[in-house]
Structures are given as C-alpha cells and as structure tokens.
Amino acid sequence: MMKQMKYVIGGALILGIAAGVWLGDLFKGVGAGNGVGIGQSGWSGPGTNESGPAVDLGVSAETAAGAAPVTLRVVIKDRSYCLRSGDSETPIDLEALVAMVQSATGDDDGIKLRIYKTETARVSAEMQLRDLLKNADVAESSIFTSQEIAE
C-alpha cells in the first residue's frame with residue numbers, strides 16, 4: 001500500500017512539472033517583455049514622452065539629449081539591415097550599425113543590440129554582423145537574438 005502511494009505521488013509530481021513546462025511555453029508571449037519590437041516596449045528612458053508612445057529616435061547615434069542610445073533593435077531582411085525605432089524601420093549599413101552598437105550604453109541587463117530576423121533573413125548576414133561586432137570588442141553577452149520571426 002505504501003509502495004503504491006509513492007508511485008502515485010511520484011507520477012503526480014512528474015505530471016505537474018510537465019504541465020508547468022507546457023503552460024510556460026503556451027503563455028510565452030505574456031508579460032512585460034519587449035516582444036519583436038512592434039508597439040510599446042515598456043522602456044521609459046530618453047525617446048519616450050509622458051503620454052506613453054515612443055518618439056522616433058531615427059538612426060542617429062545620439063538622442064536629442066546628446067546621450068548614446070540605450071538599446072538598438074535591428075531587423076535582418078535577406079542580406080540587409082534595418083534599424084527599428086517604434087513602428088518605423090530605416091535601412092542602415094553594417095559599419096554604421098556597428099558604430100552605433102559600440103556607443104550604446106545597454107539596458108539593465110547589459111543588452112546593447114536586439115536582433116530580429118524575417119523569414120528571408122540570411123544566416124550569412126547575421127554572422128557578418130556578429131563577426132564585425134566581435135572585432136569591435138562588443139561582448140557577445142550584450143547581443144540578444146530573438147527566435148521569433150519579425151514581420
């Protein structure tokens with residue numbers, strides 16, 4: 001009788017853990033994360049205003065206050081790069097992007113660059129970007145690559 005109770009409790013524990021993992025994957029998008037860069041990011045530093053919507057920061061390496069950007073978001077489309085700011089995307093060449101990442105201060109987690117890829121993104125484009133960032137002494141830990149497909 002006691003042996004059967006151990007099996008029942010062990011089985012219930014395993015099923016509970018499996019259900020937790022499954023629910024965690026199911027509700028992956030819920031929370032205050034940055035998503036894929038569409039809409040509000042929840043960030044309230046330079047480039048936002050009191051009413052909430054983000055102000056377009058453009059592709060300048062400096063904000064209106066003269067400070068370096070905190071975190072940059074880039075979308076890789078085929079073999080080209082677009083800097084995402086709010087709802088807009090601006091094409092940017094690789095050297096300018098690397099220079100902007102070097103001057104970025106990073107968010108609370110130390111992330112300076114968030115990389116998003118479309119379905120047409122080439123692996124070679126991401127590798128070229130990562131190689132140039134490595135050569136520019138940008139730490140790998142300051143780069144985040146989203147696993148979700150950008151639109």
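**Note on a predicted model: core, helix faces and salt bridges**

1. Met 2 is exposed, with a relative accessible area of 62%. The structure discussed here is a predicted model. Met 2 lies in helix α1, which spans residues 2-26. Together with Met 5, Val 8 and Ile 9, Met 2 makes a nonpolar surface patch of about 440 Å².

2. The largest nonpolar core contains 19 residues, and those with the most contacts inside it are Tyr 81, Leu 97, Leu 113, Leu 129 and Leu 133. At least two residues of this core come from each of β1 (72-77), β2 (80-85), α2 (94-103), β4 (113-117) and α3 (123-135). Helix α2 gives the most, with five residues.

3. In α2, the buried residues are Leu 94, Leu 97, Val 98, Met 100 and Val 101. Viewed down the axis of α2, these residues fall within an arc of 160°, so they line one face of the helix. A general point applies: an α-helix has 3.6 residues a turn, so residues three or four places apart point the same way. The cover over the buried residues of α2 includes β1, β2, β3 (88-92), β4 and α3.

4. Leu 129 is located in helix α3 and counts as buried, at 0% relative accessibility. Apart from residues up to four places away in sequence, Leu 129 touches Val 74, Tyr 81, Leu 94, Leu 97, Val 98, Leu 113 and Ile 115. Leu 129 and Ile 76 are 53 residues apart in sequence, with 9.8 Å between their C-alpha atoms.

5. Leu 133 should be read alongside this. Leaving aside neighbours within four places in sequence, Leu 133 is in contact with Val 98, Val 101, Leu 113, Val 138 and Ile 143.

6. The whole structure has seven salt bridges. One of these joins the side chains of Glu 89 and Lys 77, at 2.6 Å from N to O. This pair links distant parts of the chain, with Glu 89 in strand β3 and Lys 77 in strand β1, 12 residues apart. Glu 89 is partly exposed at 26% relative accessibility, and Lys 77 is partly exposed at 27%.

7. A network of salt bridges links Lys 117, Glu 126, Arg 130 and Glu 140. Within it, Glu 126 meets Lys 117 at 3.0 Å, N to O, and Arg 130 at 3.1 Å, N to O. Arg 130 and Glu 126 are four residues apart in helix α3, and are therefore separated by about one helical turn. Both Arg 130 and Glu 126 are buried, the latter with a relative accessible area of 10%, whereas Lys 117 is partly exposed at 23%.

Notes: Residues are numbered from 1 along each chain as its sequence is written. This is a predicted model: local features need pLDDT of at least 70, side-chain atom pairs count only at pLDDT 80 or more; totals for chains, interfaces and linings use all residues. Side-chain values use heavy atoms; hydrogens and water are left out. A nonpolar core is a set of buried Ala, Val, Leu, Ile, Met, Phe, Trp, Tyr and Cys residues joined through side-chain atoms within 4.5 Å. Buried means under 20% relative accessible area, exposed over 50%, partly exposed in between (1.4 Å probe, protein chains only). Contact means heavy atoms within 4.5 Å. Patches are made of residues with over 30% relative accessible area and no salt bridge: like charges are joined within 9 Å, nonpolar side chains (Val, Leu, Ile, Met, Phe, Trp, Tyr) within 5 Å. Accessible areas come from the Shrake-Rupley method with a 1.4 Å probe; for residues, only the protein chains shown count as cover. A salt bridge is a side-chain nitrogen of Lys or Arg within 4 Å of a carboxyl oxygen of Asp or Glu. The arc is that of the directions from the helix axis to the C-beta atoms.
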